[in-house]
Amino acid sequence: MLGIIDRLLLLVGCSFLLDLSGQMKLSLVVILTAVIISEFTYVIQWNWLFHSTTIAYLVACIAEPEFLWPLPLVLYESLKRKKIYYGIFGGILYFYNFPHMTTFDRFYLFFVFTYMVIIAIRTMKQNQLHKKYIELLDDSRQMEIIMNAKNNEIAAKQDTEIHLATLQERNRIAREIHDNVGHMLSRSILMVGAATAINKDENLTECLSELKNTLDQAMTSIRTSVHDLHDDSIDLEESVKSLVSEFTFCPMTLDYDMGKDVERKVKLCFLAILKEAMANIIRHSNATRVEVVLREHPAIYQLLISDNGTCSKNVSSDGIGLSNMKERVNGLDGKITITKEHGYRIFVMIPKMNK
């Protein structure tokens, strides 16, 4: 917008140099040509076309001096592009073609050229500042995107670390209960049993029996709590990655896309199926590639184990391992599909429980 205003001002200023006593038709041609070339050089990006157009107009000035009066309008873009030699050559053409100009004409011509230089430098600086502003704005937006990504990554990492620390603490508590309280209860049960065996007082028999039953119930409760804590402390992703890294029979790839809050029974089911499938591959398959995929959807969990091998032995579909897989999945109201076409494939779908 600023460049267009500059051109209009130069056109008005140069119009005072127009010789109205000359041929009006030629003057109109000069005006239209100067305006067209000025706008053309403003929009074109190819340097060779810009130079060709400017040189062509300068040649026209040499051939017809009438083209000289709007020359500052044409040379404005040259100065913006730092092509100062065009301005110098244009000034030489002015003084060469009009050697008998009056002092006022010379002063006015000098004013027009000076004004052209000033506004060209001003516009060039403003364009540079605008370009730097756009670059800074782009850099700031890029840095904002990078910082947001880093913050999200740090937040996700912190959540993962908190989750793992929570699981480790649960595992530690389960181990402490098992090693300390469990052993103390076991010792107490043995002592009560020994006391019952040597007891000869019938009045104490019932009391010792009640004590033993109470300790047995406490032991059962402790075992259940320990098992629940241990099962809850299992991190499915880390456990699966550990199993995959320990599998050396052939290359195995893992595609894991599940959240952290996977239901405990589902975790145990998937780990058991994966272990059984890996054992079957080692014992019965000639696979050279295995793929494991775990995905969580809004309503279901999915597990896919596939390989490119064939069974080297006649493996019964009613084997203990496969039967255990089916029982686990059926116990969670899931569905398991086993196919042997184009490799061995186990696909499991388990619906999410209503919470």
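Guide: Helices (H or I, at least four residues) and strands (E, at least two) are DSSP runs, numbered from the N terminus. By that rule the protein has 10 helices and 5 strands. This is a predicted model, where local features need pLDDT of at least 70, side-chain atom pairs count only at pLDDT 80 or more, and totals for chains, interfaces and linings use all residues. Residues are numbered from 1 along each chain as its sequence is written, and side-chain values use heavy atoms, with hydrogens and water left out.

Visitor: What share of the residues in the protein is buried?

Guide: Of the 355 residues, 33% are buried. Buried means under 20% relative accessible area, exposed over 50%, and partly exposed in between (1.4 Å probe, protein chains only).

Visitor: And what does the accessible surface of the protein come to?

Guide: About 22500 Å², with 61% of that belonging to carbon and sulfur atoms. The areas come from the Shrake-Rupley method with a 1.4 Å probe, and for residues only the protein chains shown count as cover.

Visitor: What comes just after helix 4?

Guide: K82 sits there with a positive phi of about 65 degrees.

Visitor: Switching to the surface: which residues form the nonpolar patch?

Guide: I84, I88, I92 and Y96 form it, with about 480 Å² of accessible area together. Patches are made of residues with over 30% relative accessible area and no salt bridge; like charges are joined within 9 Å, and nonpolar side chains (Val, Leu, Ile, Met, Phe, Trp, Tyr) within 5 Å.

Visitor: Where is I88, then? And is I88 buried or exposed?

Guide: I88 is in helix 5, residues 84–97. Its relative accessibility is 52%, so I88 counts as exposed.

Visitor: How many salt bridges are in the whole structure?

Guide: A search finds 5. A salt bridge here is a side-chain nitrogen of Lys or Arg within 4 Å of a carboxyl oxygen of Asp or Glu.

Visitor: Which residue does R295 pair with?

Guide: R295 bridges to D257, with the closest N and O atoms 3.8 Å apart. The pair links distant parts of the chain, since R295 is in strand 2 (residues 290–296) and D257 in strand 1 (residues 252–257), 38 residues apart. R295 is partly exposed at 28% relative accessibility, and D257 is partly exposed at 44%.

Visitor: What about K352?

Guide: K352 forms a salt bridge with E296, and their closest N and O atoms are 2.7 Å apart. This pair also links distant parts of the chain: K352 is in the segment after strand 5 (345–351), E296 is in strand 2, and they are 56 residues apart. Salt bridges that share partners also join D255, D257 and R295 into one network.

Visitor: Which ring does K352 lie over?

Guide: K352 lies over the face of Y301, at 5.3 Å from the ring centre. A charge sits over a ring if NZ of Lys or CZ of Arg is within 6 Å of the ring centre and within 35 degrees of the ring normal.
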